[in-house]
Amino acid sequence: MKKSLLIRLHSVFLIATALFAGPYDPAQGGDVYRWKDNNGRTYYSDHAVEGAERTRIDAAPTVHVVKRVFDGDTVLLNNGEKVRLLGINTPEVDSPRKIGEPGGEEAKLWLQQRLSGRTVRLEQDGELRDKYQRLLAHVFTASGQHINLALVEAGLAFVDIHPPNLKYTQALTQAENRAEQARRGIWGMTDYRPKPVEALIARPMLRGWQRLTGVPSAIIASKRYLRLKFSDRFEVHIERENLNLFPPLENYLHRNIEVRGWLSRRRGDYSIFVRHPSALVALIDGNPAFFNQGKVPMLMRH
């Protein structure tokens, strides 16, 4: 009797899990390309390059219940695991260790209303955990809503791509462009308006996630990085291992560029570490653009 009951329960669980997982949409981006250089180092990209092989990084989806929402991009599951949403970043909320930022409470409330006490499906990527040992995942509701993407679409989160986690990159960047063009959420807040690089002199205490505009004039090479020099006091650092994701850096020279990321200060000099080209936006008459396969930046469509 007990064995029969267990078999029936197991069958119901498998059917429910299959229904919950839903169909996989390849157009949303699950393909990642992998190759090795002459020194044996492995590289990943979300687009094909010569000599690369297509690989799928589809860790088996897992189903959990959200116990608590910490902020707009971090939740606690009923099994005690913390989950950091992949591909995005939301403003900070007030805590004993951090000062709240505009838009942080709005993102947290939005996430609480949709996830607290709810069942979710996790879809992971190339890295399973971050340095804080939090699970890294794209989160989907029972109805199939992609929470990471929805936060960006609502203007509650910025896109923040960390290679080799490249799933859904195109969908996320397109959603961010739509939110920016519509001035939704954080894109309509004065705190997150672009500032000229010269503002680093007028406002030396500028910190956190910033949007800075300027014209890079030179590329400086070092052992680990290539650096786009915007001024004597500000540079953008790009790791060599991520260069395959970018167009030739010469494309950015002598053009009006907006840089998005966390501002670092050292001995009076400033820099932003950029991992993905979505954080470097060419501007044409003040409108965001991207580089096509050539050297001409194309206006984003929305």
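Which side chain of opposite charge is nearest to lysine 195, and how far away is it? Please set that part in its surroundings too.

Reply: Keep in mind that this is a predicted model. The nearest side chain of opposite charge to lysine 195 is aspartate 191, 7.4 Å away. A salt bridge needs a side-chain nitrogen of Lys or Arg within 4 Å of a carboxyl oxygen of Asp or Glu. Lysine 195 has no salt bridge, although the residue is buried. Its side chain does have a polar partner: glutamine 210, through a polar contact of 3.0 Å between the two side chains.

Now step back to the whole chain. It has 302 residues, and 45% of them count as buried. Five helices and 20 strands make up its list of elements. Take the contacts with a separation of 6 or more: 57% of them join residues 24 or more positions apart. The exposed surface comes to about 16600 Å², with 52% of it supplied by carbon and sulfur atoms.

Next, the nonpolar interior. In soluble globular proteins, nonpolar side chains tend to be buried together. Here the largest nonpolar core holds 55 residues. Leu151, Phe234, Val236, Val259, Val274 and Leu280 touch the most other members. Helix H3, residues 147-153, gives the most to this core, with five residues. Another core lies apart from it, with six residues, including Phe158, Ala179, Ile186 and Tyr192.

Leaving out residues up to four places away in sequence, its contacts include Leu226, Leu228, Phe230 and Ile272. Val259, Val274 and Leu280 are also among them. So is a charged residue, Arg227.

Finally, some backbone details. Proline 163 and proline 164 are joined by a cis peptide bond, with omega near 10 degrees. Proline 164 lies in the loop between strand E10 (158-159) and helix H4 (169-182). Two residues other than glycine have a positive phi: glutamine 133, near 65 degrees, and arginine 267, about 55 degrees. Glutamine 133 is in the loop between strand E8 (119-123) and strand E9 (135-141). Its relative accessible area is 51%, so glutamine 133 counts as exposed. Arginine 267 is in the loop between strand E16 (257-266) and strand E17 (269-273). Arginine 267 is exposed as well, at 77%. Lysine 195, where we began, is buried.

Conventions: Residues are numbered from 1 along each chain as its sequence is written. This is a predicted model: local features need pLDDT of at least 70, side-chain atom pairs count only at pLDDT 80 or more; totals for chains, interfaces and linings use all residues. Side-chain values use heavy atoms; hydrogens and water are left out. Buried means under 20% relative accessible area, exposed over 50%, partly exposed in between (1.4 Å probe, protein chains only). A polar contact is a pair of N or O atoms within 3.5 Å; within protein, one must be able to donate a hydrogen and the other to accept it, and residues adjacent in sequence count only if both atoms are side-chain atoms. A nonpolar core is a set of buried Ala, Val, Leu, Ile, Met, Phe, Trp, Tyr and Cys residues joined through side-chain atoms within 4.5 Å. Helices (H or I, at least four residues) and strands (E, at least two) are DSSP runs, numbered from the N terminus. Contact means heavy atoms within 4.5 Å. Accessible areas come from the Shrake-Rupley method with a 1.4 Å probe; for residues, only the protein chains shown count as cover.
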